[in-house]
Amino acid sequence: MIDSQPNLSHNNIHQEHMVPLNKGWDEVRDKGLTKLEDFLTNGDKIEFTRKEYMQLYTLVYDLSTTQNEVYPAELYKRYTDSISKYLADRVVPKLLGLTEAPLLAEVELRWRNHQIMIRWMKNFF
């Protein structure tokens, strides 16, 4: 006998939304992190529509809760690596060569930006 009711178990629903890690991370990076980094570096306006935000959040959730045991740890590694890369590539060069008051002002700006970055990253992750 054929069951006319769809199987709505968590595993079945989750498998329909399974995204390969590299593809999912590329999307998070391109649609979320790059936009955030550009805002922090250039002062570009940061705008995420509700739909964009929910898509990113859902994608990260799906990657985090997959049946693949490697994904959550790898996702966390990429999360921390992205912060380290931003600091090394975009923040440290701005601080090099500065001294006294200009250095203090730049450190203050970069610290505020770092707080904004972490707040947004926590929203996504």
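Colleague: Which side chains does Glu27 meet in a salt bridge, and what counts as one?
Modeller: Glu27 pairs with Lys31, at 3.6 Å from N to O. A salt bridge here is a side-chain nitrogen of Lys or Arg within 4 Å of a carboxyl oxygen of Asp or Glu. This is a predicted model, where local features need pLDDT of at least 70, side-chain atom pairs count only at pLDDT 80 or more, and totals for chains, interfaces and linings use all residues. Side-chain values use heavy atoms, without hydrogens and water, and residues are numbered from 1 along each chain as its sequence is written.

Colleague: Where do Glu27 and Lys31 sit?
Modeller: They are four residues apart in helix α2 (residues 21-42), about one helical turn. Helices are DSSP runs of H or I, at least four residues, numbered from the N terminus.

Colleague: New topic: what does Glu37 form a salt bridge with?
Modeller: Arg90, with the closest N and O atoms 3.9 Å apart. Glu37 lies in helix α2 and Arg90 in helix α4 (residues 70-95), so the pair ties together parts 53 residues apart in sequence. Glu37 is buried at 13%, while Arg90 is partly exposed at 24%.

Colleague: How many salt bridges are there in the whole structure?
Modeller: The search finds 12. Among them, Asp81 and Lys77 meet at 2.7 Å, N to O.

Notes: Helices (H or I, at least four residues) and strands (E, at least two) are DSSP runs, numbered from the N terminus. Buried means under 20% relative accessible area, exposed over 50%, partly exposed in between (1.4 Å probe, protein chains only).
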